[in-house]
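Subject: Structure handover

Hi,

Here is the structure you asked about. Please look it over before reading my notes.

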Amino acid sequence: MRPRGHHRSKDCAVDSVTLTDVTYTYPGSEGPVLRDINLSIRAGEFCSIIGPNGAGKTTLCAAIRGFVPKFYKGDFEGTVRIKGEDIADASIGEIARDVGFVFQNPFTQMSGITASVYDELAFGLRNLGVPPAQIRERVEGMLELAGITAFRDRDPFQLSGGQQQRVALAAMLIMEQDVIVIDEPTSQLDPQSTDDVFALIEAAQKQGRTIVLVEHKMGHVARYSDRVVLMGEGRIQAIGTPADVFTDPAAASHGITLPESIELAQRLAGHGVTVPGSPLTVPALIGALSGGSHHVAD
Ligand SMILES: Nc1ncnc2c1ncn2[C@@H]1O[C@H](COP(=O)(O)OP(=O)(O)OP(=O)(O)O)[C@@H](O)[C@H]1O
């Protein structure tokens, strides 16, 4: 697998995650939870997975990190490749060298045995036997990137939910996996903390990581994603740019809340006002309506 510290490039020609004909049934489930999934996510891409509750989004994430079927067992067909390598014969530990994972509740992701944010970030590196000077350098860099330098000496469990989520993300990002799977990281966060978490995920993408994100906040999905995958009933119902997917009839039929700008554009269309393009933010919508002649601050 990947040697540590290698050069990352945002080469979108290389597939980072590939699922081919993946169909999966949990033990005891009546029918498949994933059905005929074919999906290629390019290296450096920001790919969001959306869909109603029970659509199979978390299960798809579990397949990418090998937990399905290695941990959950069940009936699995198809192939998952990470950076071109079939993970069927890799252990969960081997896959974790390439695939990092953060989920909804940061509280459950903290090691629980470190007394400070600094130690929490250093924890995984110490376990790997990384030399102390290198640990210091990497932790300092990550504290800075995640905007959590001010909390470095605080007990992670004494932080707010938003701060904890950034610590959990930072503790994962510091391990330098190329593929980052993040499942509903902002569901318990206020708007400012949500923005902070997205800024950190975007910073990770700018380093060349591949981002696979499950998220219900569609304004953020529209703004940050290169591609959106709409899941419903275990299948991919639509896939494409945010503008493609949010204007696809499948989005409405699967009860997806549209980003405010797209919803407004559709309502204006009902009143005979055509908005050029599919603006993904309200400022972009206002800009489109004023013919691009006015600059609107983002
Ligand atoms: N460990 C499990 N064992 C059996 N069935 C499961 C298990 N985990 C999830 N399921 C079922 O698989 C289906 C898909 O669940 P999944 O959590 O992947 O959906 P989701 O799209 O992530 O939903 P949500 O938005 O509610 O998190 C659901 O019907 C769920 O009940």
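Below are the notes on the ligand shell, the core and the backbone.

This is a predicted model; local features need pLDDT of at least 70, side-chain atom pairs count only at pLDDT 80 or more, and totals for chains, interfaces and linings use all residues. Residues are numbered from 1 along each chain as its sequence is written.

Ligand. The residues around it include Tyr26, Gly54, Lys57, Thr58 and Tyr72 (C-beta, placed from the backbone, within 6 Å of the molecule). The shell divides into four nonpolar, seven polar and one charged (Ala, Val, Leu, Ile, Met, Phe, Trp, Tyr, Cys and Pro are nonpolar; Asp, Glu, Lys and Arg charged; the others, Gly among them, polar).

Core. The largest nonpolar core has 79 residues (buried Ala, Val, Leu, Ile, Met, Phe, Trp, Tyr and Cys joined through C-beta atoms within 7 Å; buried means 20 or more other C-beta atoms within 10 Å, exposed 12 or fewer, partly exposed in between). Helix H6 (residues 161–173) gives the most to this core, seven residues (helices are DSSP runs of H or I, at least four residues; strands are E, at least two). Domain 1 (12–98 + 210–250) and domain 2 (259–289) both contribute, so the core lies between them. The bounds come from an automatic or database domain assignment.

Backbone. Most residues other than glycine have a negative phi, and most peptide bonds are trans. The Val68 to Pro69 bond is cis, with omega near 5°. Pro69 sits in helix H2 (residues 67–70). Asp21, in strand E1 (residues 15–25), has a positive phi of about 50°. Asp21 counts as exposed, with 11 C-beta neighbours inside 10 Å.

Best wishes
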